[in-house]
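Here is a short note for a colleague opening this model for the first time. Please read it with the structure on screen.

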Amino acid sequence: MKRIINEVAVLGSGVMGSRIALHFANIGCKVYLLDIVPRELTETEKQKGLTLKDKAVRNRIADENLKSVLKAKPSPVYHKSYASRITTGNFEDNMNYLSNADWVIEAVIENLDIKKTVFEKVEQFRKPGSLITTNTSGIPVHLMLEGRTEDFQRNFCGAHFFNPPRYLQLLEIIPTPKTDPEVIDFISHYGDLYLGKTPVLCKDTPAFIANRIGVFSIMAVFKLKEELGLSVKEIDTLTGPLTGKPKSATFRTADVVGIDTLVKVADNIYKDCPEDETRDLFVIPDYVKKMVENNWLGDKSGQGFYKKSKDENGKRVILEIDTATLEYGPSKKAKFASVGAAKPIDDLKERLKALNMGKDKGAEFLKLLNYHVFKYASNRIPEISDELFRIDDGMKAGFGWELGPFEIWDTLGVERTIKKMEEAGFAPAQWVKEMLEKGVSSFYKVEDGKRKFYDIPSGSYKEIPGMEGFIILENIRGNKPVWQNVGATLHDIGDGILNLEFQTKMNSIGSEVLDAINKSIEIAEQDFKGLVIANNGPHFSAGANLAMMFMLATEQEFDEIDMAVRMFQKSTMHVRYSSVPVVVAPHNLTLGGGCEVALHADKVEASAETYIGLVEVGVGILPAGGGTKEMTMRAADHFVKDGLELPELQKRFMNIAMANVATSAREAFDMDIFVKGRDGIVVNPKRVIAQAKKTALDLADRGYTRPIEREDIRVMGRSALAPMLLGVYTFWKGNYISDHDKKIVEKVASVMCGGDLSQPTLVSEQYLLDLEREAFLSLIGERKTLERIQSILTTGKPLRN
């Protein structure tokens with residue numbers, strides 16, 4: 001049957017239920033969010049004269065839970081207006097909403113009897129053929145089928161979202177023996193294409209895949225902490241971004257999730273997995289038990305492994321717990337020679353290899369942790385999954401690991417690592433040894449641009465399913481590039497389309513990247529149909545290479561800076577005015593110069609999670625790669641349509657002056673960074689490059705003609721400059737901005753008004769680019785600007801001077 005999801009009902013409005021509802025609202029669905037009816041009035045309701053029969057009271061739980069979640073940061077919604085797509089209600093008055101729902105999602109408390117009661121009500125109201133899923137994180141899904149009709153059973157499965165659903169990509173799909181295979185195929189496809197998820201097929205086993213492996217890894221850390229005598233901070237240094245894990249690492253993650261929640265999952269695995277060969281590792285350490293007894297549960301109780309406090313000067317400090325004494329003290333910076341040697345290495349795989357060669361206690365900890373995880377993950381096949389790639393996918397999409405266990409194992413060398421493991425008393429599963437005996441030395445390989453995994457039953461490599469719609473640049477790096485330099489690589493991604501991939505640190509834009517942009521366009525114009533500028537790195541681009549600018553400015557090489565800015569402007573204008581379509585596909589951080597590249601594209605295909613903005617003012621300069629020019633031009637185009645000259649200009653001026661960053665691709669449309677009716681949003685970040693390629697092909701096949709440079713940009717001169725400068729003065733007088741901020745934003749205002757013109761005038765793009773560059777050069781040598789840049793380079797934060 002053909003399924004279309006227009007309306008969704010979420011039953012249970014707790015943190016997960018409300019966030020799931022909001023993510024479906026993110027993609028345009030109408031959502032019903034229901035919860036229980038309160039049994040007592042609050043004091044506020046009594047004062048208002050309300051009764052238990054009033055709708056406001058009966059819907060209070062769902063209403064308040066939704067309002068509470070909407071206050072969360074980072075936001076669970078792409079745009080605040082999307083919350084209006086949700087209708088709240090309750091289980092007694094509004095179950096009839098289910099008759100319209102195409103998908104019913106149960107997200108009530110983790111209690112089997114309560115879930116069964118909810119499903120009994122669902123049976124009375126759902127329309128035949130509608131999907132029903134449970135968001136349980138651990139209750140056996142098949143136990144929920146008792147007493148349910150055949151149609152219910154056929155359309156029912158587990159669909160476990162990870163919190164927060166907007167940001168964590170994992171969707172674990174758990175069929176029962178009665179689930180129609182078509183349902184699993186549909187949810188996998190819908191989760192990928194519409195919800196932006198990595199769907200992972202799981203067996204109906206305790207904690208499924210990600211929590212089973214992830215919680216084991218945390219419990220192994222707890223054990224190794226005691227064995228090696230490492231501090232909380234030392235371990236979080238070792239298990240964070242250094243090794244491809246999230247910033248929250250281990251103990252900070254436990255504080256955020258809730259130590260009691262972690263204990264509950266570990267206890268359930270211990271209870272429900274009597275045959276687990278490493279079951280005893282799930283026994284909660286005494287120090288963790290004592291913390292739970294003391295109600296030191298993490299963020300929810302104000303203290304856990306870390307605690308916020310103030311020193312004798314009233315300055316906020318973060319204390320960490322000493323698990324031996326359960327006393328808090330200041331964190332000490334971790335000092336390991338292995339970390340010092342590995343940290344400068346940008347490539348994660350090379351960094352992991354370097355750490356694995358270390359001899360100190362930090363390196364020893366990482367080796368033993370890997371041995372624990374490798375052994376455990378290999379022994380979970382076929383218990384929790386038949387295919388090893390699903391375990392890796394689960395850990396990457398659910399726990400934010402950059403590499404899954406088997407990918408890390410491949411990186412370190414399977415055969416070499418096994419020898420070390422066995423010497424340390426960690427024997428892997430027998431199938432791994434049999435794999436090596438067959439002459440197969442790795443769990444993955446890339447062949448003809450396609451990634452394959454080792455399939456245990458057949459003893460051969462098979463293509464990873466569901467990758468047809470993705471373009472993964474790592475898989476084609478084995479092919480000879482069309483062109484490359486030290487900062488970028490130009491790939492042929494097929495059908496006459498090229499892809500330019502930045503490869504500098506944080507994909508910052510320096511001379512090598514600018515050279516690559518221009519060369520790529522030239523090559524595309526000669527022999528190809530179009531160009532995509534995109535990458536699969538953590539971020540699209542953190543902006544221009546500030547270190548280079550800082551060096552040139554401190555040495556007062558202003559002619560060099562002038563040349564560099566001209567080169568940047570020439571490159572972004574080349575993106576706009578080429579003979580082939582150029583599509584830019586940004587994702588995650590797209591700041592400053594990265595934003596300016598996107599602003600000049602023929603079309604943008606952005607990941608929904610794109611955080612984009614012109615942030616140069618915070619650094620002490622202004623956008624000079626065409627960003628200020630572009631915002632001025634877009635304001636002028638709105639003048640023509642709306643006739644609201646000053647408000648349109650001021651809106652874009654404020655975005656530059658305040659260094660505003662869109663917190664989603666949707667917000668970028670409000671800021672006029674992306675163009676309504678032209679640019680697109682892709683929810684699944686893995687599909688962004690493929691969609692950008694499709695767009696470039698479409699533009700080329702419809703007949704692409706090089707645009708004509710603009711000479712008709714209406715700037716307002718003094719008529720806008722005077723009120724804008726008055727606004728800046730008012731902010732400065734109120735101590736909202738510093739003297740240096742005032743100087744910078746006055747320069748921005750002058751550029752956007754076209755300079756000191758006596759009346760509105762039509763100017764060219766080059767005129768505005770020249771004003772941009774002159775303003776930039778006047779600011780870059782300022783002492784306070786250099787102090788800000790130095791602060792960013794050393795601390796990652798701008799100095800507020």
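**Notes on the model**

1. Helix α17 (residues 405–412) is mostly covered, with seven of its eight residues buried. Helices (H or I, at least four residues) and strands (E, at least two) are DSSP runs, numbered from the N terminus. Buried means under 20% relative accessible area, exposed over 50%, and partly exposed in between (1.4 Å probe, protein chains only). The buried set in α17 is Pro-405, Phe-406, Glu-407, Ile-408, Trp-409, Thr-411 and Leu-412.

2. A word on the source. This is a predicted model: local features need pLDDT of at least 70, side-chain atom pairs count only at pLDDT 80 or more, and totals for chains, interfaces and linings use all residues. Residues are numbered from 1 along each chain as its sequence is written, and side-chain values use heavy atoms, with hydrogens and water left out.

3. Glu-407 forms a salt bridge with Lys-396, with the closest N and O atoms 3.0 Å apart. A salt bridge here is a side-chain nitrogen of Lys or Arg within 4 Å of a carboxyl oxygen of Asp or Glu. Glu-407 lies in helix α17 and Lys-396 in helix α16 (residues 388–399), so the pair ties together parts that are 11 residues apart in sequence. Glu-407 is buried, at a relative accessible area of 6%. Lys-396 counts as partly exposed, at 26%.

4. Thr-417 sits in helix α18 (residues 414–423). Its relative accessibility is 5%, so Thr-417 counts as buried. Leaving aside neighbours within four places in sequence, Thr-417 is in contact (heavy atoms within 4.5 Å) with Tyr-371, Phe-374, Trp-409 and Leu-412.

5. Now the sheet. Seven strands form an open sheet in the order β15-β16-β17-β18-β19-β21-β23, with mixed pairing. Its edge strands are β15 (483–485) and β23, each pairing on one side only. Two strands pair if DSSP finds at least two bridges between them. β15 and β16 (residues 488–492) pair in the antiparallel sense over three bridges. Gln-484 has Thr-489 of β16 as its bridge partner.

6. Two helices deserve a look here. Helix α20 (residues 511–527) lies across β15, β16, β17, β18 and β19, at about 175° to β17. α27 packs on the sheet too, touching β17, β18, β19, β21 and β23, and its direction makes about 165° with that of β21. Axes are lines fitted to C-alpha atoms, for helices over the stretch in contact, and angles run from 0 to 180 degrees between N-to-C directions.

7. Which residues of α27 are buried? They are Val-688, Ile-689, Ala-690, Ala-692, Lys-693, Thr-695, Ala-696, Leu-697 and Leu-699. After α27 comes Gly-703, with a positive phi near 95°.

8. Arg-687 and Asp-192 meet in a salt bridge through their side chains (2.7 Å, N to O). The pair links distant parts of the chain: Arg-687 is in the loop between β23 and α27, Asp-192 is in helix α7 (residues 181–193), and they are 495 residues apart. Both Arg-687 and Asp-192 are buried. The whole structure holds 60 salt bridges.
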